[in-house]
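Q: Can we go through this one together? I'd like the overall build, then some details.

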Amino acid sequence: MLIFLAGSWQSNAQMPYASGASNQYLLNQPIDISEDFMNFTNTYFVADQLNSFDPQTGSGQVTWKRHVYQTRQAFNNMLAFLQPVNGNEFPGVEYEADPTLPFSIEFVSPKAFRIQMKTGKELNEDEPSLMLVDGFAPKDDSWEYSKMEGGHQYKSEFGVVIIRENPWHLEIYDADGKLLTKTLNREDNDVTYTPIMPFSYVRRSSDYSRSMSATFSLSPGEKIFGCGESFKGLNKRGQKVVLWTDDANGVQNESMYKPIPFFMSSRGYGMFMHTSTPITCDFGKYYNAATNLMIGDEKLDLFVFLGEPKDILDEYTNLTGKPSMPPLWSFGLWMSRITYFSEEDGRQVANQLRENKIPSDVIHFDTGWFENDWRCDYQFSKSRFDDPVDMISDLKEQGFQTCLWQLPYFVPKNELFQEILDKGLFVKNAKGNLPYEDAVLDFSNPATVDWYQEKIAGLLKQGVSVIKVDFGEAAPASGIYASGKTGFYEHNLYPLRYNKAVAEITKEVTGDAIIWARSTWAGSQRYPLHWGGDAANTNTAMAGTLRAGLSMGLSGFSFWSHDIGGFVLKTPEELYRRWTPFGMLTSHSRTHGAPPKEPWEYGKDFQDEFRKSVNLKYTLMPYIIAQAKECTEKGLPMMRALFVEYPDDAGSWLVDNEYLFGSDILVAPLFEEIAPRDVYLPDGEWIDYQTGETYTKGWHTIAPGELPVVMLVKKGTVIPHIKLAQSTKDMDWSTIELKVFGKSAERIQTKLYLPNEDSIKAIALKRDGDTYKVAENPYLNVKFKISLVE
């Protein structure tokens, strides 16, 4: 937080190397709100006592005590503390030195509640939120109220909330009475010499704007997860996380393409900061017993969820939305590079995929399908595409969907640039002009959305199946938007508006609500799917990619992908070989980046190994789509941290270099050209998918099988497979092979979801001598073949 030396102070915030001196800032540099809570010129108001409270409505008022920083020098060491002060306004009789402001608690479900606190007059209080699935939060009346000495208690089947009156505190307990967390207020500083920023809000001296600091306790051993697609350590305990959408330019730094204002704790609770302003979360970095949520908004709007990880994800996505089910073809291989420039390129790569018998479902044209590379005008190059409609139709006949790149920024040479200016469709600066040299579409303007969707619809009507929703991280922070708000509120919301605009028009024209997007905010999970940005072609980037995917899954996103092999340069062959099965054991799989990416460009041996990994995914398709369908219903990620399925296994909370693909397949990629590797296994017995060897709970050193990946299935699990096809459209769903991994119970079952069906159905098996046979089959037109893996 603050470091004081010889009477001066400096922030310990990390600045990008390129920014130079500490007073130099770069365009779209993430806004770190924590700096406002370290400023001697600002005024700080600390939550002091509950002044009034109506238990029927859950509303009341809290008095906030005014403070400023003062210093103390002791034995040549300078520290700063918050100290109470009187008001400094004139005339003093017109302003409160210690304001009394609204506070409320609302209940969303038996496992979720909402805390709201205001720092001043709030206009447009009932405005619907784009982040909430229905615009507004639901209400629940199952929590029982009781008055207690010095406070108020609300209780449900799943937890207890206690509001203390003087001093004001909020305490959160589980159903067994264990304290999960509580607010930290002014007197909590008395137990330590370390000056902690208590639950408070700051009023900046520069402009009188205000931000909240919601401070909660952290317990010994508590771990924190989520906050979006974070490339740093999976456990955020001990980290400071800045939530500001940024072009991270890689997958190994603290910036994020996809920040999400949501996290969960290993202690049994999660929190959603319902705002689009910049947020800085200090999860015990400055003081190891405190979470400090520094929120740029003038009010606090905080949702709290109780339960195990699955419960928390379900509750959070009930509130902010669950994804629609992506189409079957999207789970196949997407073949791409930066970039295919012509109709000839597209047809050639499609033909070679089929000739080399490498299953694939999508051909993606990146920045080069326009007449001028990168200059997005929504028109196929007339010099390089003879008949794009005919090409798209022919590709579909071969089993390929077409994906096209675009972005929402328009350079001055773009033929659409002047039209965007003339129609006022762009984000403006304070003078009403362009903030940047580019025109940035303002998606808060309904006229802009209509204009933009008409352009996208024109492509979709030509037969294009999906649009790559690239960029979106650089909405002007100081811009003025049609919503009436500045970029302080609209910047982080921009990706959500962008995702929504493309997904909705795609759904309208094609019937599939699918996109391929890089930037997000809370609620973007409703519009699958997203990929992990521009990874380097290195082992550490591969490991960072996995951490990012796990973190994204712990932030409410079911579907996520990444550039197999990395993006920046030509992928080294040995890295590409190890990255490929990892990429195929992800919900969606795309090869993309600097050429070459096509496997035949690396020679026959590599192509053969690449094909085997792709074949694996295609034969696993019944398992994959059944798991995917369940994810859409429960808010679960396809790429799943071990503790999501095994919350009572302490070791599962410590692992960030392996994952569960769905609920039943454990994957440990090879991050170096070294095998075997150490693998942690949760409770139970596990069977190696490739070798058939059996392992028990704990750490093991395991060699990969034929494919360069470690892949295990828990004993007693049934994994459905399908006969290999070169495209998902050619798959024969009338015959499914059920692979049973190890004899276990007399009766076992698996889930099956057939394309175009409404729901998942269970297939029950029962022991029959040394094998199993089908006991219950809801699919009368499906034949099941059973095999046993021991």
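A: Here is a run through the predicted model, from the whole chain to single residues.

Q: How many helices and strands does the chain have?
A: There are 12 helices and 46 strands.

Q: And what is the radius of gyration of the chain?
A: It is 27 Å, close to the 28 Å from the globule rule for 790 residues, so the chain is as compact as a globular protein of that length. Along the principal axes, the C-alpha atoms fill a box of roughly 85 × 70 × 50 Å.

Q: What percentage of the residues count as buried?
A: Of the 790 residues, 60% do. As for contacts with a separation of 6 or more, 67% are between residues 24 or more positions apart.

Q: What is the lining of the second largest pocket like by class?
A: It has 16 charged, 13 polar and 12 nonpolar residues.

Q: Switching to helix 8. How many of its residues are buried?
A: 12 of the 15, so helix 8 is largely enclosed by the rest of the structure. Among them are Ala 541, Met 542, Leu 546, Leu 550 and Met 552. Helix 8 covers residues 539-553 and reaches 22 Å from its first C-alpha to its last, close to the expected 21 Å.

Q: Now helix 11, residues 621-634. What should its 14 residues span?
A: At 1.5 Å a residue, they should span 20 Å, and the end C-alpha atoms are 20 Å apart, which agrees.

Q: Is helix 11 mostly covered or mostly uncovered?
A: Mostly covered, with 12 of its 14 residues buried. The buried ones include Lys 629 and Glu 630, along with Tyr 623, Ile 624 and Ile 625.

Q: What comes just after helix 11?
A: Gly 635, which takes a positive phi of about 70 degrees.

Q: Last one, Asn 445. Where is its place?
A: In the loop between strand 26 (439-440) and helix 5 (446-460).

Q: Why does Asn 445 count as buried?
A: Because its relative accessible area is 15%, and the cut-off for buried is under 20%. Leaving out residues up to four places away in sequence, Asn 445 touches Gly 424 and Ala 482.

Methods:
Residues are numbered from 1 along each chain as its sequence is written. This is a predicted model: local features need pLDDT of at least 70, side-chain atom pairs count only at pLDDT 80 or more; totals for chains, interfaces and linings use all residues. Side-chain values use heavy atoms; hydrogens and water are left out. Helices (H or I, at least four residues) and strands (E, at least two) are DSSP runs, numbered from the N terminus. The expected span of a helix is 1.5 Å times one less than its number of residues. Buried means under 20% relative accessible area, exposed over 50%, partly exposed in between (1.4 Å probe, protein chains only). Ala, Val, Leu, Ile, Met, Phe, Trp, Tyr, Cys and Pro count as nonpolar, Asp, Glu, Lys and Arg as charged, and the others, Gly among them, as polar. Contact means heavy atoms within 4.5 Å. The radius of gyration is taken over C-alpha atoms; the globule rule is 2.2 Å times the number of residues to the power 0.38.
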